[in-house]
Amino acid sequence: MNYEFGLYVFMLAAFLGFELIRRVSPLLHTPLMSLTNAIASISVVGAILISGEDHASLLSRVLGFVAVVAATTNLVSGYLITDRMLKMFRKREPAKK
Amino acid sequence: MSVFQALYLVAAALFILALKWMSAPATARRGVISGELGMLLAVVGTLMRHEVVNYQWIVVALLVGAAIGVPLAVLMPMTAVPQRTAISQACGALASALIGTAEYYHRYPTGFTMAALSIEILLGFLTFTASLMAFGKLHEILPSRPITYKGQNVVNLGLFVIAVLIGIALVINPHQSGLFPAYVALAMTFGVLLIIPIGGADMPTVIALLNSYAGLSASAMGFVLDNKLLIIAGALDGSSGLILSIIMCRAMNRSFTNVLFGAFGQLQTSAAAATEARPVRSASPEEAASILEDARSVVVIPGYGMAVAQAQHKIRELHDMLVKKGVEVRFAIHPVAGRMPGHMNVLLAEADVPYDKLVEMDEINSDMAMTDVVLVVGANDIVNPAAQNDPNSPIAGMPILQAYKARTVMIIKRGMSAGFAGIDNELYYQPNTLMLFGDARSFVSSLVKEVGATN
């Protein structure tokens, strides 16, 4: 693999992340953390690759299985709670009692 | 370019859009949907890859994970959001660490790949145990006070150096598989030891930092598996966690090293005990309610105590009643109030407080002198004037909400015990301060009753 290319991708993504996050209003810091936490569950990709291989050893199978469960837990709960939180953020409605 | 690579590319773009849309409340939900879609494409793309041939266990694992994840998200009360984030982080980090372990025994990679793998495993296992410890402390299964002992930093640093040396040895010769379990054990131990000296008030910084580690671990996995999507998503998460913890550190005027190695709140407890009882003025709910009704502007300062007492709904009722009487009510939010970044905002949003009433520290401080009443609910260190006046105070230099400038300060508190940092608060003894003794929720509900009675 071309490591140099990978490192450039990493560097650019890291800077992009900095610029994007800096603009997030402090109001939304908790949902933001839930969202990035959910995005970190991208490791589910690696977990599926490990557990789906044809000639994997028993160790790989077991580790892969636990990894898929753990990553999916992170993924599902991360996205669901972020959405649940954001639903609550409302502006003042003029019609409110 | 095969189909899965195209899907990965779109997924990476969707993650970037997710963070972009997250910046404002109006577009934030679109951001979540974009993130969900990106993840869906990533999973579907991976399942389509020709290397993946055994589906049955993957499907079972996905279902089990969803079965744990859904209740974790739906049943958790909003006050438990910091704990949930910590436990979810532990799961993500565990996944990444286990994949690293499986890769190691499967391929014994060499050179750069092994270096990336050792970083993935170190950060993964470290974040796993550290997040579990953070969960324990936040959920109060473990004592939330910092635990310190002599030579703690030397022990921690020593352990870390040994772990790094083993990591380097493994990179030089990956076939020393006897070293591998030791490496894993050291990483996990280090994670535990890292959190032991961290107190509750420093949790926002630490949770954000652990978030960053989990992302970096996923990114390192991207280098191991030669997967650009993992590198990008991990890097986005890594930089987001890092910048949030920097924001938190700035809000406390402390450095990273001070948060991680400073063990805040242990040394000062003795100093607080030495101060003798000084007279304070207290007020009953009736008196407090009438002061609130006569005010033109009220600023509420919530803290972690509001979360513990679950007082946010009652506070919203009080807000509604006062607004109906023509009182201007706003909420002043300190960046580190609560146990994670933005904790107070979420709780108040849950209670239906409109978010344009939540004002940030810099903005509200200039209005404090013109404010009739400040009502402090379960906050302490973030309104302590010692941060500005006393250079020897452990919180010296920390930006505070300048509650002391208001005409009247009312503080709801259980008793006169010192706050988390164990520092006495000058604000309590000011002549214009009224202490409202009681549980935050029951006191606010009696305030609501009193204000309602005079209708």
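Apart from neighbours within four places in sequence, B:Phe15 contacts A:Ile39, B:Gly35, B:Gly38, B:Ile232, B:Ala233 and B:Leu236, two residues being in contact if their C-beta atoms, placed from the backbone, lie within 7 Å. The model is predicted: local features need pLDDT of at least 70, side-chain atom pairs count only at pLDDT 80 or more, and totals for chains, interfaces and linings use all residues. Residues are numbered from 1 along each chain as its sequence is written, while chains are lettered from A and ligands numbered from 1 in the order in which they are written.

B:Phe15 also belongs to the largest nonpolar core, which has 193 residues. Such a core joins buried Ala, Val, Leu, Ile, Met, Phe, Trp, Tyr and Cys residues through C-beta atoms within 7 Å; a buried residue has 20 or more other C-beta atoms within 10 Å of its own. Helix H5 (residues 111–138) of chain B gives the most to this core, with 16 residues; helices are DSSP runs of H or I of at least four residues, numbered from the N terminus.

The contact between the chains takes 77 residues from chain A and 96 residues from chain B. On the side of chain A that touches chain B, H4(A) gives the most, with 28 residues.

The predictor assigns the complex an ipTM of 0.93 and a pTM of 0.88. Over residues 264–274 of chain B the pLDDT is below 50.

Key. Buried ≥ 20, exposed ≤ 12 C-beta atoms within 10 Å, placed from the backbone. Helix = DSSP H or I, 4+ residues; strand = E, 2+ residues; numbered from the N terminus. pLDDT = per-residue confidence, 0-100.
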